Amino acid sequence: MESKVTTQLGQECLQGLMRVWFDFERQLGRVPIIQRLERGNFTREDYRSLLLHLRQQVIEGARWITRGASSFERDYADVRSEVIGHAKEEHRDYEMLEADFVAAGGALAEIRAGQRNAGSEALHAFMMYRASQPNPVDLIGAMWIIEGLGQKMASDWARRIDEATDGDGRYTCFMRYHGENDDAHLDKLYTLIDRVCRTPEQQQAILRTARVVARLYALQLEEIEHG
Amino acid sequence: MSVYITSSGHYLPGEPVDNEQIEAVLGLVHGKPSRLKRRILQSNGIRQRHYAIDAEHNTLISNDEMAARAGQACLDDSFLSKSRLEMLSVATSQGDLVLPGFGSMVQAELGVAGVELHSSHGICSSSMMALKAAYTGLKAGEHDNALVIASELASRLFKASRYEAVAQEVDFNAEFLRWMLSDGAGALLLESVPRRRSFRIDWIRGFSHADAYPVCMSVGRAVGDARSWQDFATYAEAEAAGALLIRQDVRLLDNIVKLGVDGLLRLIDEGRVETGRIDHVLCHYSSHYFRGKIFDMLTQAGAAIPEEKWYTNLYTRGNTGCASMFIMLDEFRRTQSYQTGDTILCMVPESGRFNNVYMQLTVVEE
């Protein structure tokens, strides 16, 4: 294995992002619904509730990433291409999530009527705000957290959910599918880190956005207990 | 004030036991050879270990006796007379007795008078906690020397009869550590002055993450039952329920790699560690499998420490839990080549409920 990122600033940035990620995993470990999942005391109803609350972020995620793409100016045309490619691949993922909700015994009308919880509201508002800034390189920090989650869902959550709820993989397609593609996505992210982390200010912005997104994402999951 | 490791010692019971002989010592469960043994041994890479029990399951030497022998070996190699010892700090996962503290038993066995006593309780990292207690004692000027001993007698948990006493069939998580852990003790002497060539302790720092993760390695609870072994009407019922088996939740093990790297990145950020300046790494990884994973993740982060700088004696001395790091450091000190000014980074990531302790040493000359 080789170092994925080659510039000095990029490497420091990656080390910072890894630390933000590890801290995020610890935050997740303190969220009640995730604790139940890890202990195996997790029902199909818990799972539906998880999907219901994740759906809003998955839908809005496609919006902030396309908004972000349009905020990159000419000097960042190559970055814009990458971000557009990413948005294109994922902007209809929520349909798979809805199908899982139905396969797990939920009603389509119910998930479609779902509202953003307080955490999703905060996350969405923050992301749309950041994505609207000129050349929002710090979106890399947000993508780091969201992609990392995709991997975690695929490599850990999907299996735990099926085991705890006697599932056969039929209703964990969204989570599993993410893992299949996210390796390639992460490799692209590594390249992007070298590309967009060129000044200490950019490094700081990337890490700050990653921290904020991690905290708000955890809040979104905490809010599942509240409605 | 600086604190120095001025001597070290170890004790490994009996002759080394190779992979072919393990089961002859620990015994066949219900008369059948294990189907998991080969796979687990292949992954941990251990080729030899020592056991304090024999094939008839007699305990040939107790845990406190092993600790005392390692401590004595350490004192015998030092400039300090036993009567001048000021502090004794010890660690184990499980003493011979539930009560009193292991430290009291070791003190009596070793025969040292009037010392200040400390016992650490935990798993692999408990030795580092005992070391830190002694280190801070010297740092604060409370003492001029302290003997730190870590000792483990895990094999008592692995006798075939332990598994046969359980009503259900034994699962992977309960068998995993049977092919991993073994017995032994290690000791370090700390002094406020260096003697000949010593290791100065630059710092010791632990990060515990029990609030964010479930239990990963345990004795005392059965699967799917929240009760402690002490909650059963009789200890026999606890044993039959499987509450006394030592278990590892192997699915949670990957977290140890992440948290091990996380702690190191934190120390780099704090300016305590400069990976480019590390000359030797002594890492207590429980199995060879994790060495590769830690290495890959550090490389990915651009914080790699070249492979030739990593030293371990895991493969020939076994994984002796909390004693491992001291046994490793003792053998490193005696057999490896290092220069005055060299920097040694020690890491003990513990999977119990995720406590990671790091230490940096510098080689100094009196």
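Guide: B:Pro100 is placed in the loop between strand S4 (87–92) and helix H4 (102–110) of chain B; helices (H or I, at least four residues) and strands (E, at least two) are DSSP runs, numbered from the N terminus. The peptide bond that leads from B:Leu99 to B:Pro100 is cis, with omega near 0°. This is a predicted model, in which local features need pLDDT of at least 70 and side-chain atom pairs count only at pLDDT 80 or more, while totals for chains, interfaces and linings use all residues. Residues are numbered from 1 along each chain as its sequence is written, and chains are lettered from A and ligands numbered from 1 in the order in which they are written.

Other loops also deserve attention. In chain B, the loop between strand S3 (48–49) and helix H3 (63–76) holds B:His57. Phi of B:His57 is near 65°, a positive value in a residue other than glycine.

In chain A, A:Asp166 lies in the loop between H8 and H9. Its phi is near 60°, again a positive value in a residue other than glycine. A:Asp166 counts as exposed, because 7 C-beta neighbours lie inside 10 Å.

A:Tyr171 is likewise placed between H8 and helix H9 (173–196) of chain A. A:Tyr171 is buried, because 24 other C-beta atoms lie within 10 Å. Apart from residues up to four places away in sequence, A:Tyr171 touches A:Asp100, A:Ala103 and A:Ala104, contact being defined as C-beta atoms within 7 Å. From A:Tyr171 to A:Ala218 there are 47 residues in sequence and 23 Å in space, C-alpha to C-alpha.

Beyond its neighbours within four places in sequence, A:Ile145 is in contact with A:Trp21, A:Phe24, A:Ala210, A:Val213, A:Ala214 and A:Tyr217.

Two helices of chain A may also be compared. The axes of H3 (residues 44–71) and H7 (residues 118–131), lines fitted to C-alpha atoms over the stretch in contact, with angles from 0 to 180 degrees between N-to-C directions, come within 8 Å and cross at roughly 10°. H3(A) is therefore roughly parallel to H7(A), a term for angles under 35 degrees. Among the residues that meet are A:Trp64 in H3(A) and A:Met127 in H7(A). The residues of this contact comprise five nonpolar, seven polar and two charged.

Finally, the chains meet: 16 residues of chain A are in contact with 17 residues of chain B. On the side of chain A, helix H1 (8–29) and helix H2 (32–39) each supply at least two residues. H1(A) gives the largest share, eight residues. That side of chain A has five nonpolar, four polar and seven charged residues; Ala, Val, Leu, Ile, Met, Phe, Trp, Tyr, Cys and Pro count as nonpolar, Asp, Glu, Lys and Arg as charged, and the others, Gly among them, as polar.

Definitions and conventions:
Angles under 35 degrees count as roughly parallel, over 145 as roughly antiparallel, 65 to 115 as roughly perpendicular and the rest as oblique. Two residues are in contact if their C-beta atoms, placed from the backbone, lie within 7 Å. A residue is buried if 20 or more other C-beta atoms lie within 10 Å of its own, exposed if 12 or fewer, and partly exposed in between; C-beta atoms are placed from the backbone.
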